[in-house]
Each structure stands twice: as structure tokens, then as C-alpha cells.
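My entries follow in the order of the search.

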Amino acid sequence: MFYQEKGVYGNSVMHFHTPSTAALEYLFYCNYCGLFYCNCLYRICRTQHEFYEPYLFIFVKKGCLHLDYKELHYHAHSGECLLFDCRLAHCYYADDNTVFQYIHFGGNISDYYFNRLSDKDRHHFCPSNADAISGALSRLLINMEDPMPNEHVISSDIHHLLSLLLTGSQQHSSLNAQRINAAIRFMDAHLSENITLDDISAEAGLNASYFSRLFRQYADTSPYDYLASLRISHAKRLLVATSDSVAAIAEACGFHDPVHFSKTFKKRCGHTPLQFRKAYTVF
């Protein structure tokens, strides 16, 4: 629908949707979204708990949009984004000749993405894939034009959008990327050995504490958890491709106690090593 309020003009549009109970519980959902052409009269200010929609994501296509949030001031220019919780006090306002796309969303694992993206109170983004983000928003707006949009498609659109924002906002220097990749190669080459965090971080040329923080930023998990995943993945290959005993496979994957290996395997995979072998081995 075409939309106009103070400071909004031209072919501005807004699409509303009331999510189903299933979407609220299981999917990402969109309450409303739009494309606004604004001048300096556009200004939205809300107090704590005045607004009930969870999260607002804004992509600025042209001009500049300002945000006052948590006693900080943000300025998003063309190709930049804002993400914040609308249930907290906030105020956002435009310069003349500002164009922006936006979506109010919630549900599913939106809390995870919001917390992951806004780590250390980060709410302004300069993504490297701005065109892809704008394109994803455009597709979402088109899908929301339907009087009865497919909520599974909308959920997929939002998930894709947040994934793009996350990957486009991760900033790793080429040197740090080389260090992390060196550490991963070291882990993969020494799966059967009792390697420590100090061993892994030394391969990256960093102290253990800094390396752990850097690795989590890069891989979204700890070095130990990543190493355990590598070992379990290698165990799966051996269970299917060989007739080696579970004890031998455990030893080859760095688990020197077969009982601990079986418990870890079941915890991560949902079944024991022998059950996995039986299910995935073709005779």
C-alpha cells in the first residue's frame, strides 16, 4: 500500500502482516516492512516499552538516517544499515532526500541473530555486500505485497537477510584469517594427538587467550568445540569407510577412552557410533 506521513513522500510503500500462531512460534515473521522516501521532517521517537514490535532493520539506499539509541548516536549513510530493539527507547530521523528500506521482524532465532550482530552494542553496520542486502530486502517487500504472503517464504527471506548482514559485517584482516586457517589445518592434521589450546594458538602465532577470542569471532565457536566437531566428522568417515573397531576409531580421532568417545558421539549425533555405522553402511 502507498503510505504517507509527515516527512514521507513520493512512492513510499508499507506492507502489514499479522503472523499466524505457527509463524510466531516456529518461524521468522515480518510484522511490516516498507520503502520510504523522506525529507528532514521525518522523525520517529518512542519511549521505553511504547512499541511492541521486536526488531527493526533499516538499509539506507540514499541520504542519511540518524538513530539515537541507548544514549548513543548513529549515522547511517548510503549502503549502511541500522539494527535495534524497538522495545527500548529510540529515535530515528532523516536528512533531506533520504531513501531507506526497512523491516520489523521477530520470531524463531531472531534473538540469537540480534545478539550476535549487536555484540558490544553494535547497531550500525557498513556491510561489504550492501547490494545483496538491498536485493534481499527488495525481494522480501515484493513477497509481502501478497494479501496472504507465504509465511515460510517470508521466514526464509528474513533468515537469508540476517545471514547476509552477519557475513557482510564480519571484518577479519587477511593476517588474522591466515592465522585462523593455519590453526584449523594444524587441528585437522593432528586429530589423533592430545593437542592443547596452547599448541593450537602457538601454530597461529598468538597467545591462547587472544587466539580464543579471535577464533570465536571467526568461527562462532570455541577452538575446543571446533576440534571436537572435526574429530567426530572424521569418526563418521571411518565408521562408514572402514571395518575398524569403535575403540580403534576412537583412538584415531583423539579420544583415548572409547567410552568417552561413544558418549560424546551420541551427545552430538543423537545415536551411538555402532548405530551410525549400521544406518549409513551399505552392504
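Entry 1. I began with a hairpin in this predicted model. Strands β5 and β6 form the hairpin, with two residues between them. In the turn I found Lys70, which has a positive phi of about 55°.

Entry 2. β5 covers residues 64-69 and β6 covers residues 72-77; they run antiparallel and are joined by six bridges. Asp68 stands opposite His73 in β6.

Entry 3. I next traced the sheet. I noted the general rule that strands of a sheet pair through backbone hydrogen bonds, either parallel or antiparallel. Here the sheet is open, has four strands in the order β3-β8-β5-β6, and its pairing is antiparallel. β3 (43-46) and β6 stand at the edges with a single partner strand each, so one side of each lacks a neighbour in the sheet. On average, neighbouring strands of this sheet are turned by 10° against each other, direction ignored.

Entry 4. Four bridges link β3 to β8 (residues 90-94) in the antiparallel sense. Arg43 stands opposite Tyr93 in β8.

Entry 5. I turned to the helices. The axes of α3 (residues 130-144) and α4 (residues 151-169) come within 9 Å and cross at roughly 165°. Angles over 145 degrees count as roughly antiparallel, and α3 and α4 are therefore roughly antiparallel to each other. The crossing of α3 past α4 is left-handed.

Entry 6. I listed the residues in this contact. Those of α3 include Ala132, Ile133 and Leu140, and those of α4 include Val153, Ile158 and Leu161. The residues of the contact divide into twelve nonpolar, two polar and two charged.

How values were computed: Residues are numbered from 1 along each chain as its sequence is written. This is a predicted model: local features need pLDDT of at least 70, side-chain atom pairs count only at pLDDT 80 or more; totals for chains, interfaces and linings use all residues. Side-chain values use heavy atoms; hydrogens and water are left out. Two strands pair if DSSP finds at least two bridges between them. Axes are lines fitted to C-alpha atoms, for helices over the stretch in contact, and angles run from 0 to 180 degrees between N-to-C directions. Angles under 35 degrees count as roughly parallel, over 145 as roughly antiparallel, 65 to 115 as roughly perpendicular and the rest as oblique. A crossing is left-handed if the near helix is turned anticlockwise from the far one by less than a right angle, and right-handed if clockwise. Contact means heavy atoms within 4.5 Å. Ala, Val, Leu, Ile, Met, Phe, Trp, Tyr, Cys and Pro count as nonpolar, Asp, Glu, Lys and Arg as charged, and the others, Gly among them, as polar.
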